[in-house]
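These are my notebook entries on a structure that I had not looked at before. I set down what I looked up, entry by entry.

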Amino acid sequence: MKKHNYSAGPCILPQEVFEKSAQAILDFNNSGLSILEISHRSKDFVAVMDEARALVLELLGLEGKGYQALFLAGGASLEFLMVPYNLMKENGKAAYLDSGTWASAAIKESKFFGETVVVASSKEQNYNNVPKGYTIPADADYFHCTSNNTIFGTQMKEFPTTNIPVVCDMSSDIFSRQLDFTKFDIIYAGAQKNMGPAGTTLVVIKEEILGKNGREIPSMLDYAKHIKAESMYNTPPVFPVYASLLTLQWLKKLGGIAAIEKINNAKAELLYNEIDRNPLFKGAAVVEDRSNMNATFLLNNPEHAPIFDAMWKEAGISGLPGHRSVGGYRASMYNAMPIESVQVLVDVMQALEKAV
């Protein structure tokens with residue numbers, strides 16, 4: 001039976017990426033060696049890293065605009081630390097928007113480096129919305145936000161205009177929709193949502209903002225050193241970078257971000273229409289902030305849960321239970337999720353309505 005993978009991450013990837021990755025594990029570039037054992041300094045892998053970094057900038061529309069792309073290890077969680085280390089001045093301060101669990105974790109790390117101003121928070125509403133109408137301090141060293149909140153199913157639809165550097169954690173919606181990416185000075189994202197397997201983190205940096213905070217930065221945490229070493233300061237996560245390259249190639253062949261955004265909008269519309277139509281269900285996030293990547297929803301009557309759970313499992317659906325912070329269900333519809341899989345979920349929801 002075909003599986004419909006709604007996991008929030010590590011998540012679904014394109015079938016051709018699995019197939020090409022599997023072949024590379026057995027024999028990479030007809031070298032007789034596995035991608036898992038080749039030297040990261042070999043010309044074959046240097047070519048992978050160079051193409052992956054270039055393709056990131058191409059897809060985001062940032063070629064020739066002073067940006068560099070890095071593939072690092074440590075997950076987005078390490079970037080919570082690296083961002084203030086590289087951008088916050090001694091005795092400086094930073095501004096943060098608290099819109100979810102991972103935004104809150106980033107705020108915690110920033111406080112180790114200096115004053116951290118939380119410009120707004122939706123914590124009291126259990127993060128069911130993205131805060132709006134806040135003021136960003138003009139004297140902050142940077143502003144940090146999270147574009148999509150995986151756990152709570154909310155997504156920023158607009159981004160503030162400010163004269164200070166803007167940093168965005170795009171871990172769960174990178175490459176999923178068109179934005180003016182020049183508005184951001186640093187974008188970072190764990191690979192395991194829309195880009196590849198777990199094990200590498202993409203960081204896109206406007207190079208001119210670095211080296212201005214007066215801090216001495218440990219080498220492994222210094223963006224400038226990673227840029228100078230062309231993302232090879234230490235042994236990179238070879239296989240996750242390769243699989244990410246394959247996913248980026250798949251996205252480009254599909255038509256880039258503009259093409260996938262249309263598909264993602266259609267998937268989200270299909271599922272949210274059913275959530276709103278079906279009297280057995282209700283959405284968990286406020287309507288205007290609903291995420292196109294992670295749809296969170298609840299049963300109006302919890303007694304229906306055993307029946308619904310049996311039905312979606314029988315239909316080959318996987319990874320649907322919601323995070324414990326929200327409960328209910330979470331359908332993660334990342335780039336590689338086909339709309340046919342969303343239709344299967346909708347069909348099950350309609351079948352439940354008829355059954356009870």
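**Entry 1: surroundings of N148.** I looked up what N148 touches and, leaving out residues up to four places away in sequence, found T154, Q155, S172, D173, S291, M293 and N294. Contact here means heavy atoms within 4.5 Å. With S172, the side chain of N148 forms a polar contact of 2.9 Å. A polar contact is a pair of N or O atoms within 3.5 Å; within protein, one must be able to donate a hydrogen and the other to accept it, and residues adjacent in sequence count only if both atoms are side-chain atoms. N148 belongs to strand β6, residues 148-149. Strands (E, at least two residues) and helices (H or I, at least four) are DSSP runs, numbered from the N terminus. I note N148 as buried, because its relative accessibility is 3%. Buried means under 20% relative accessible area, exposed over 50%, and partly exposed in between (1.4 Å probe, protein chains only).

**Entry 2: basis of the values.** This is a predicted model, in which local features need pLDDT of at least 70 and side-chain atom pairs count only at pLDDT 80 or more, while totals for chains, interfaces and linings use all residues. Residues are numbered from 1 along each chain as its sequence is written, and side-chain values use heavy atoms, with hydrogens and water left out.

**Entry 3: I186.** I found I186 in strand β9, residues 186-190. I186 counts as buried because its relative accessibility is 0%. Beyond four places in sequence, I186 touches L87, V166, V167, C168, V203, V204, I205, I209 and Y223. I also looked up I186 and G66: they are 120 residues apart in sequence and 12 Å apart in space, C-alpha to C-alpha.

**Entry 4: helix α3.** At L81 I noted a bend of about 25°, with a proline, P84, following within four residues. The bend is the angle between axes fitted to the seven residues ending there and the seven starting there. Among the buried residues of α3 are F80, M82, V83, P84 and L87.

**Entry 5: backbone.** Most residues other than glycine have a negative phi, and most peptide bonds are trans. I found a cis peptide bond from G9 to P10, with omega near -5°. P10 lies in the loop between β1 (4-5) and α1 (15-26). N126 is partly exposed at 38% relative accessible area, whereas Y127 is buried at 6%.

**Entry 6: helix packing.** Helix α7 (256-277) packs against helix α9 (339-355) at about 5°, with axes 9 Å apart. Axes are lines fitted to C-alpha atoms, for helices over the stretch in contact, and angles run from 0 to 180 degrees between N-to-C directions. I therefore record α7 as roughly parallel to α9, an angle under 35 degrees being the cut-off. Residues in this contact include L270 and L271 of α7 and V342 and V346 of α9. Helix α6 (238-254) packs against α7 at about 80°, with axes 7 Å apart. These two are therefore roughly perpendicular, the range being 65 to 115 degrees. The contact includes W250 of α6 and I260 of α7.

Terms used: Parallel < 35°, antiparallel > 145°, perpendicular 65-115°, else oblique.
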